[in-house]
Structures are given as structure tokens and as C-alpha cells.
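Hi everyone, thanks for having me. Please have a look at the model on the screen, and then we'll walk through a few of its residues together.

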Amino acid sequence: MLLSYYGDDFTGSTDVMESLALHGVSTVLFTRIPSQEERARFECFDAVDIAGTSRSQTPAWMDEHLPQYFAWLKRLGARFCHYKVCSTFDSAPHVGNIGRAIEIGRRVFDQEVTPLVVGAPQLRRYTAFGHLFAGYQGQTYRIDRHPVMSRHPVTPMDEADLARHLARQTTLPVDLVPATVRDDAAVDQGIEAAKGIVLFDVFDMATQLNVGRQLLRLSARTGPFVAGSSGVEYALVKALAAAGDISGGASFPSVPKVERIIAVSGSCSPTTARQIRHALASGYAGLHADPLDLAHQPDDAVARLSAEALRLMGEGRSVLVYTALDPETERGGPLDLIAGGRHRVGQGLGRIARACIEGFSLSRAILAGGDTSSHALGELDVFALTTRFPLTATPGSPLCTAASADPELDGLEIAMKGGQVGGDDYFVALRDGLTA
């Protein structure tokens with residue numbers, strides 16, 4: 001097996017699955033550690049993933065849960081095992097702590113040095129001399145000046161130097177292989193001196209290819225465990241394709257239009273807000289779900305919103321249930337005062353989606369918001385996903401095919417997207433069909 005990985009949220013996990021599938025690497029994403037029967041269904045796949053929720057969890061949660069996931073992945077014996085994080089690297093000491101996750105991973109794999117790759121030009125994410133930059137609305141910003149990520153409601157990014165950012169989360173030293181260092185001997189010298197995390201710069205396709213080549217070259221020395229964004233996979237597949245070890249491409253059948261679709265969104269991103277407005281102007285029926293209601297009285301809120309969504313679907317409408325559309329409806333401050341409130345919001349949206357899927361035998365659904373998607377999918381009794389159709393114009397948000405023990409959900413097409421991902425027509429395009 002080429003690769004196993006743990007994704008710190010569900011949308012990030014599908015991002016990796018998409019990048020691999022596009023390059024001809026068959027990939028299955030499990031929503032939990034599978035049973036032997038579930039694993040056997042995908043026995044011949046080249047890459048295996050566990051989609052997790054650690055991005056929205058505490059270090060104590062990581063200490064309790066991540067060792068079992070890493071141990072299961074280690075038993076698969078893949079050439080690489082990747083702890084996958086968001087390409088914007090948003091994290092904090094108290095939630096989504098990337099440093100703690102790396103500490104746990106290196107213990108399980110008995111590995112002193114952990115390569116770290118964050119830059120992914122395909123996603124307009126770049127690292128230069130250890131600093132992270134990200135694109136937004138046609139411009140590129142240092143991450144601590146990014147109009148959205150610098151103001152993230154849970155993990156605002158106020159530091160672009162990733163070594164300094166990680167220093168708040170771990171005592172492990174962070175060394176850098178800058179993009180200006182391409183000579184193998186110089187890279188080897190840096191790896192030999194390293195005692196913790198080694199960040200590799202990626203700011204264009206050439207540096208990405210070289211980093212992929214370095215990862216392949218160094219894996220026998222450093223060990224299989226690596227960390228970073230889907231930039232890890234983009235780098236590896238480029239190097240493998242250049243070496244002729246994989247085909248480097250794949251084709252997917254077109255996606256037909258559906259009569260009705262359910263979409264749920266817990267995202268507070270302006271990108272998602274534009275997508276929601278576009279969808280409402282293009283025939284979707286919108287339902288605003290107050291996140292405080294979902295957090296305080298989830299059963300009542302879910303029952304009420306599900307009944308209204310089913311009524312609208314009975315009129316032949318596609319429905320989009322959303323928690324935020326503008327600053328006036330974003331309730332992040334009060335929501336954070338409710339223990340487990342954000343998790344219950346995602347779970348509630350998942351329950352609403354399931355009521356609509358089962359009520360009208362829907363064949364397609366959309367879950368929007370990184371943390372939301374993780375918890376919403378948990379309500380759909382789905383144990384695995386594979387890539388149905390990559391959205392190459394907006395990487396990181398593919399349409400997937402679900403595997404479930406429930407016949408009503410087995411084969412369901414599900415798209416999951418992070419807040420910053422996708423064009424304005426994202427919801428509309430997934431309703432109206434896609435062609436290569």
C-alpha cells in the first residue's frame with residue numbers, strides 16, 4: 001500500500017482522497033476504524049484513510065483517541081502514514097493542536113523526525129521561508145493578514161511563521177528546508193541534524209515536485225509518519241508520476257442533474273455565504289437554523305426544521321439549511337459558551353439531512369463547513385466514501401459515493417466542503433449536474 005492517513009476533519013479528508021484519485025491512486029476514506037467485512041470491501045485500494053474530528057478537539061481528546069487510530073494505520077504497513085491538517089493550518093494549543101498530534105504520531109511510529117508539508121499551489125496555499133500564504137478572491141495574503149482565516153471564529157491565525165505557530169503547541173524543535181535548498185546532500189544534512197519537525201517549503205509546482213521526490217527518497221530513513229496538508233499527497237503523486245510509478249491521471253463519468261437535493265451548512269465563511277445567496281437566487285429554498293436552538297434544544301429544533309424542509313421538498317424544491325449568512329446571524333460567541341454546542345449544531349444538521357434523504361429517497365446531499373461536515377456525516381450511518389467526481393475547478397470539495405449498511409444510504413452521493421472552498425455556483429452545480 002502506498003499511503004494511509006488520518007484526516008483531522010472530514011472535508012480535509014475528502015480533499016486528500018480527491019487529489020489521489022485524480023492521479024490514478026484508488027483511495028477509500030473510512031469514517032471510523034472499519035470492521036473486517038467493511039475493510040474487505042476495499043481490500044485492493046492503494047490508499048486508506050480514517051476521517052476524524054481532531055481539528056475541533058482538545059489535546060486531552062487527542063491523547064485518548066489518536067493513538068488507536070495511528071496504531072491501526074501503522075498495522076496497514078503503508079509506505080507513508082500521513083496526519084492530514086487543513087492547508088490554512090488553523091489550530092491552537094487548546095483545540096486542533098497540530099503539535100500534540102505530531103507528538104502522538106511520532107511515539108506510535110517510534111520516529112524521531114517528522115516531515116511537514118503545508119504548501120499546495122493547487123489550493124493556492126504557499127510556504128516561503130517557513131511562512132504560510134493563502135489565496136482569497138483573486139489575491140494572496142500572508143495567513144495572519146488573510147481576510148477570513150485571521151478572523152476564524154475558533155482558531156484565528158495570527159502568526160504566519162509556522163515554526164512560531166507550532167511553538168505554542170509543542171516543545172518539539174521545528175527545522176526548515178527552504179525552497180532554495182534543492183541539493184540532496186544539503187537536505188540530508190538538515191535531516192541528520194533535526195530532532196523533531198522538518199518543514200519543507202512549497203510555493204510552486206517545481207518546488208512541489210522536488211519535495212515529493214525528497215519525501216520518497218527519505219522515507220526509508222525518517223520513517224513513514226509525515227504531517228501536513230494535502231500538499232503531502234500533491235507532492236507525492238507528482239513525483240511518482242514523474243518517475244512512472246503511477247499513471248498520473250484518471251477519468252470519471254459525468255454527474256446527472258437531480259430533481260431535488262438537500263444541502264446543510266454550518267459554515268460562517270463569506271465564501272459559503274456567497275454560495276448560499278447564489279443558490280437561493282437559483283431556485284433553492286432556504287431555511288435559517290439558529291445555531292443556539294440546535295445547541296440548546298436539539299431535538300425540538302431538528303424536528304421543526306426537518307418538518308419544514310420536508311414540506312418544501314414536497315413542493316419539488318431543493319432545500320438549503322444554513323446557520324449563518326451574514327455577521328448578524330453568526331452566533332459564534334454565545335455558541336462557544338455552550339459545552340459541546342458546536343458539535344450539536346453539526347449533528348443536528350446531519351439529522352435534518354438524513355430526514356430529507358430518507359423522506360424522499362434522495363440520491364445526493366451536500367454538507368458544508370469543515371467541522372460541521374465531520375459531525376453531520378456521523379448522523380448518516382456511512383462507514384466509507386470513495387471519489388465519485390472531482391471538482392477540478394475548485395479542488396478540495398469532491399462529490400463522493402457513500403458506503404453504508406443501510407440500503408437507503410448505500411450509494412448516496414455526498415459532497416462535503418470547507419468554508420473557504422468552491423465557486424459561487426457550488427450548490428447549484430451539484431444540483432444541476434457536472435461534466436468532465
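Where is the place of S35? S35 sits in the loop that runs between strand 2 (27–30) and helix 2 (36–40). Helices (H or I, at least four residues) and strands (E, at least two) are DSSP runs, numbered from the N terminus.

Before we go on, this is a predicted model, where local features need pLDDT of at least 70 and side-chain atom pairs count only at pLDDT 80 or more, while totals for chains, interfaces and linings use all residues. Residues are numbered from 1 along each chain as its sequence is written, and side-chain values use heavy atoms, leaving out hydrogens and water.

Back to S35: with a relative accessible area of 35%, S35 is partly exposed. Here buried means under 20% relative accessible area, exposed over 50%, and partly exposed in between (1.4 Å probe, protein chains only). The C-alpha atoms of S35 and F383 are 9.6 Å apart, although 348 residues separate them along the chain.

Now, S306. This serine is found in helix 11 (residues 298–314), and S306 is buried, at 7%. Apart from neighbours within four places in sequence, S306 is in contact (heavy atoms within 4.5 Å) with R351, I352 and A355.
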